[in-house]
Amino acid sequence: MFSELKFPVPWGHVAAKAWGPSEGHPVLCLHGWLDNANTFDKLIPLLPRGCYYVAMDFSGHGLSSHRPAGCPYHFLDYVTDVRRVAAALQWRRFTLMGHSMGGAVAGMFCFLYPEMVDKLILLESLGFLLAPEDTEEWLKSKRKVIDGLLSLEAKPQTPKARSPEAALQRLLEANSHLTAEGGAILLQRGATETPAGLVYNRDMRARTQSREFFTVEQCVKLLQKIQDRVLIIISQDGLLVPHNLPSRNHFVKALQEAFESALKEHSPHMGWRGVKWGEEDNFVLAA
């Protein structure tokens with residue numbers, strides 16, 4: 001069983017759900033881009049029961065409030081969401097577990113507030129958002145954020161209502177690695193029922209988020225600082241397994257190689273240190 005939580009913020013609230021005893025070891029769970037806290041519904045029951053797991057919805061996702069009009073979604077804003085929730089929970093030191101984009105947010109939080117994080121668990125994430133290799137591509141990515149936000153403001157759209165079947169189908173089409181069961185779980189928190197049908201809860205502006213990029217060298221240097229307390233898990237059929245990466249994506253492959261040389265392989269005798277590439281075939285996530 002879980003309980004629903006709400007944390008007040010200046011523009012509304014950040015929503016979350018919690019499992020386990022509130023006095024247990026604190027673990028904050030961060031979902032991926034355009035997902036929500038239900039990402040962890042299948043995973044939490046498989047984890048140690050003595051912990052207190054809180055899975056939050058980032059602003060503009062799930063049941064959390066959208067940011068005020070005119071405000072874009074910067075990557076550091078998500079990191080700030082984490083800091084706000086930790087303050088509201090009065091957590092001084094806790095474990096961070098992030099899936100996909102949530103892993104990048106968790107990584108950044110860990111580097112900014114290392115004294116607050118005892119362990120960092122990255123699921124389908126390397127803990128960083130990688131900078132485009134080409135300077136022009138980097139500039140285009142920044143311009144795209146600004147133009148996307150202004151375009152949405154110039155042509156505001158009424159959220160489209162869909163039947164439950166159509167809403168699920170749309171979600172699956174946009175996420176090729178998502179199962180029907182996983183999609184249905186995400187929709188439970190990611191859409192609201194109206195007389196006309198289901199309407200997605202997420203803020204369309206979140207699709208144009210401004211990211212915080214790093215080079216491979218910066219990534220390795222930062223990760224080496226916390227390597228004694230980081231666990232990276234890459235699923236067997238995930239997007240980051242080398243054979244699933246596009247041939248042109250040399251940057252991610254270079255980062256993986258750098259990590260493999262910088263971090264030791266995880267084993268039961270080595271605690272939390274290590275990287276697991278494509279070996280967790282029974283690791284279950286909703287998304």
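## A first walk through

Modeller: Let's begin with Cys 51, which is buried, with a relative accessible area of 16%. Buried means under 20% relative accessible area, exposed means over 50%, and partly exposed is in between, with a 1.4 Å probe and protein chains only. Bear in mind that this is a predicted model, where local features need pLDDT of at least 70 and side-chain atom pairs count only at pLDDT 80 or more, while totals for chains, interfaces and linings use all residues. Residues are numbered from 1 along each chain as its sequence is written, and side-chain values use heavy atoms, leaving out hydrogens and water.

Colleague: OK, and where does Cys 51 lie?

Modeller: Cys 51 is in strand 4. Strands are DSSP runs of E with at least two residues, helices are runs of H or I with at least four, and both are numbered from the N terminus.

Colleague: Which residues is Cys 51 in contact with, leaving aside its neighbours within four places in sequence?

Modeller: With those neighbours set aside, Cys 51 touches Trp 19, Gly 20, Pro 21, Gly 24, His 25 and Val 27. Contact means heavy atoms within 4.5 Å. Also, Ser 22 is 29 residues from Cys 51 in sequence and 8.0 Å from it in space, C-alpha to C-alpha.

Colleague: Zooming out, how many helices and strands are there?

Modeller: The protein has seven helices and 13 strands. It has 287 residues, and 49% of them count as buried. Among contacts with a separation of 6 or more, 72% are between residues 24 or more positions apart.

Colleague: Let's look at helices. At what angle do helix 1 and helix 2 cross?

Modeller: Roughly 70°, with the axes of helix 1 (residues 75-89) and helix 2 (residues 101-112) coming within 9 Å. Axes are lines fitted to C-alpha atoms, for helices over the stretch in contact, and angles run from 0 to 180 degrees between N-to-C directions. Helix 1 and helix 2 are therefore roughly perpendicular to each other. That word covers 65 to 115 degrees; under 35 counts as roughly parallel, over 145 as roughly antiparallel and the rest as oblique.

Colleague: Is the crossing of helix 1 and helix 2 left-handed or right-handed?

Modeller: Right-handed. A crossing gets that label if the near helix is turned clockwise from the far one by less than a right angle, and is left-handed if anticlockwise.

Colleague: Which residues in helix 1 meet helix 2?

Modeller: Helix 1 brings Phe 75, Leu 76, Tyr 78, Val 79, Val 82 and Arg 83, and they meet Met 101, Ala 104, Val 105, Met 108, Phe 109 and Leu 112 in helix 2. By class, this contact has 11 nonpolar, no polar and one charged residues. Ala, Val, Leu, Ile, Met, Phe, Trp, Tyr, Cys and Pro count as nonpolar, Asp, Glu, Lys and Arg as charged, and the others, Gly among them, as polar.

Colleague: New topic. How many aromatic pairs does a search of the whole structure find?

Modeller: Seven. Rings of Phe, Tyr and Trp (its six-membered ring) pair if their centres lie within 6.5 Å; planes under 30 degrees apart count as stacked, over 60 as edge-to-face and the rest as tilted. One of the pairs is Phe 58 with Tyr 78, which is tilted, at 5.0 Å centre to centre and 55° between the planes. Phe 58 is in the loop between strand 4 (51-56) and helix 1, while Tyr 78 is in helix 1, 20 residues apart. Both Phe 58 and Tyr 78 are buried. Elsewhere, Tyr 52, Trp 91, Phe 94, Phe 109 and Tyr 113 form one aromatic cluster.

Colleague: Last one: what is the phi of Ser 100?

Modeller: About 55°, which is positive although Ser 100 is not a glycine. Ser 100 is in the loop between strand 5 (94-99) and helix 2, and at 32% relative accessibility Ser 100 counts as partly exposed.
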